[in-house]
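Let's take a walk through a protein model together. Keep the picture open beside you and find each residue as it comes up.

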Protein chains: 2
Amino acid sequence: AATARLVGRLIPDCLLVDVGSTTTDVIPIVGGAPATTSRTDLDRLREGELVYTGAVRTPVEAIAPTVPVRGRAVAVSAEGFALTGDVHLWRGELEPADYSVPTPDGRPATRSFAGERLARVVCADREMLEDRDVSAIADAVWEAQTGRIGAAIERQRGRHPALSRAVVTGLGAFLAGAAATRSGLQVVHLADTLGSAARHAPAAAVALLFPS
Amino acid sequence: AATARLVGRLIPDCLLVDVGSTTTDVIPIVGGAPATTSRTDLDRLREGELVYTGAVRTPVEAIAPTVPVRGRAVAVSAEGFALTGDVHLWRGELEPADYSVPTPDGRPATRSFAGERLARVVCADREMLEDRDVSAIADAVWEAQTGRIGAAIERQRGRHPALSRAVVTGLGAFLAGAAATRSGLQVVHLADTLGSAARHAPAAAVALLFPS
């Protein structure tokens, strides 16, 4: 909410898409203020203003029921073997330092171990899967996750068709930007305005709204 | 595999559907032997002989992307707030003693607490949701889980159209039976032949194959 008010000051009419480590907020801002009547998280989930998908902590099986392995769809395991942090680390869109929670297997948050965790999603290991096989899994999860965020963006666009800009922020701003671009929105990175502190948008917003 | 060999002795041509706490095996048995060339779990996942869905341990978000709340689809959270054990406990198809793992919130495996965990799936609590609302969530997950098992059954039926019987077993035999019935298969409960030990089928099979 603090982020939404800050963004409303900077860009009075836009769709704020804030992808954090765990959840995504998709908040229409009209005339400088959040345009929502939601009061609870249940309201927000139902209205698509809260999407329970994030850049680090979301288990792969909560995003994609199947992933491709050498061109064939394989149903995923459901053990939390890999998180979205592993997907985005593998693809190079997050750095190890961004992986803000313990990894599922307790091993380091490096690209190499992320690949091992992604292989386990289909009950495989790196002796069975080449780099390109792991990339196919990671890309499929990226696609599914971007699609979920995109669907929430489309819902808000349906309600507020005049909005033409998306302000994207959070650790997963890269996902927000990809989804918003696909929806035909002009993408503004909050970080470009506020600096890199916007990767942790709520804290930055509070700091700007309540300067010490 | 021990279960499949045992079932093959009893019913030489059938589809074995064994729903455990965590995973489901769907194994065609032809002429008394398992008819599969799968060697690894990746093979089995790809062929639909292994479905990573079980009667107790599967997180709700690994099964259903949305559940209905008062008639509207609500996207689920992805925190492991509730497991299939909570779904089947709520619906009365499992007993508290069947809940063989710690609950997500560390509270007891009773129907009442299962209801609280299911409410959290949509970021709600029992002050916000009536019993019938919780039932709608549980029923939707049951439906989605049965559908996944059913899809795996259909794949095997496509390969072995002569099979007309399903032998169902495991803690989640009730799910296997529902899915097999929908597929038009005659359902045989292994427990009816072996007694209640079949609820833990592998152990029972080993005991019968290698009597001491």
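**Starting on the outside**

Arg70(B) is exposed, with a relative accessible area of 56%, and anything over 50% counts as exposed here. Keep in mind that you are looking at a predicted model. To find Arg70(B), go to the loop between β5 (66-69) and β6 (72-75) of chain B. Its backbone is worth a look too: Arg70(B) has a positive phi of about 50°, although it isn't a glycine.

Chain A has a residue with a positive phi as well. Cys123(A) isn't a glycine either, and its phi is about 55°. You'll find Cys123(A) in the loop between α4 and α5 of chain A.

Thr103(B) sits in the loop between α3 (84-90) and α4 (111-120) of chain B. Is Thr103(B) buried or exposed? Its relative accessible area is 9%, so Thr103(B) is buried, because buried means under 20%. What does Thr103(B) touch, if you skip its neighbours within four places in sequence? The answer is Pro108(B), Ala109(B) and Arg117(B).

Let's go inside. The largest nonpolar core has 57 residues. The ones with the most contacts inside this core are Val17(A), Val67(A), Leu118(A), Val122(A), Leu129(A) and Ile153(A).

Pick out Val67(A) and look at what surrounds it. Apart from neighbours within four places in sequence, Val67(A) is in contact with Arg72(A), Ala73(A), Val74(A), Val76(A), Val122(A), Ile137(A), Ala140(A) and Val141(A).

Next, try the helix α4(A). Here Ala114(A), Gly115(A), Arg117(A), Leu118(A) and Ala119(A) are buried. What covers the buried residues of this helix? The cover includes α3 and α5 of chain A.

Finally, see how the two chains meet. On each side the count of touching residues is 32: 32 residues of chain A are in contact with 32 residues of chain B. The size of an interface is often given as the accessible area lost when the parts come together. Between chain A and chain B, the buried area is about 2400 Å², and carbon and sulfur atoms give 63% of that. Three residues stand out: Leu42(A), Leu45(A) and Tyr52(A) supply 26% of the area that chain A buries against chain B, more than any other three residues.

One to look for joins the side chains of Arg72(B) and Glu47(A), at 3.2 Å from N to O. On the side of chain A that touches chain B, α2 (41-47), β6 (72-75) and α5 each supply at least two residues, and α2(A) gives the most, with 5 residues. That side of chain A divides into 19 nonpolar, 4 polar and 9 charged residues.

Note on methods. Residues are numbered from 1 along each chain as its sequence is written. Chains are lettered from A and ligands numbered from 1 in the order in which they are written. This is a predicted model: local features need pLDDT of at least 70, side-chain atom pairs count only at pLDDT 80 or more; totals for chains, interfaces and linings use all residues. Side-chain values use heavy atoms; hydrogens and water are left out. A nonpolar core is a set of buried Ala, Val, Leu, Ile, Met, Phe, Trp, Tyr and Cys residues joined through side-chain atoms within 4.5 Å. Buried means under 20% relative accessible area, exposed over 50%, partly exposed in between (1.4 Å probe, protein chains only). Contact means heavy atoms within 4.5 Å. Helices (H or I, at least four residues) and strands (E, at least two) are DSSP runs, numbered from the N terminus. Buried area is the accessible area (1.4 Å probe) that two parts lose on being put together, summed over both. A salt bridge is a side-chain nitrogen of Lys or Arg within 4 Å of a carboxyl oxygen of Asp or Glu. Ala, Val, Leu, Ile, Met, Phe, Trp, Tyr, Cys and Pro count as nonpolar, Asp, Glu, Lys and Arg as charged, and the others, Gly among them, as polar.
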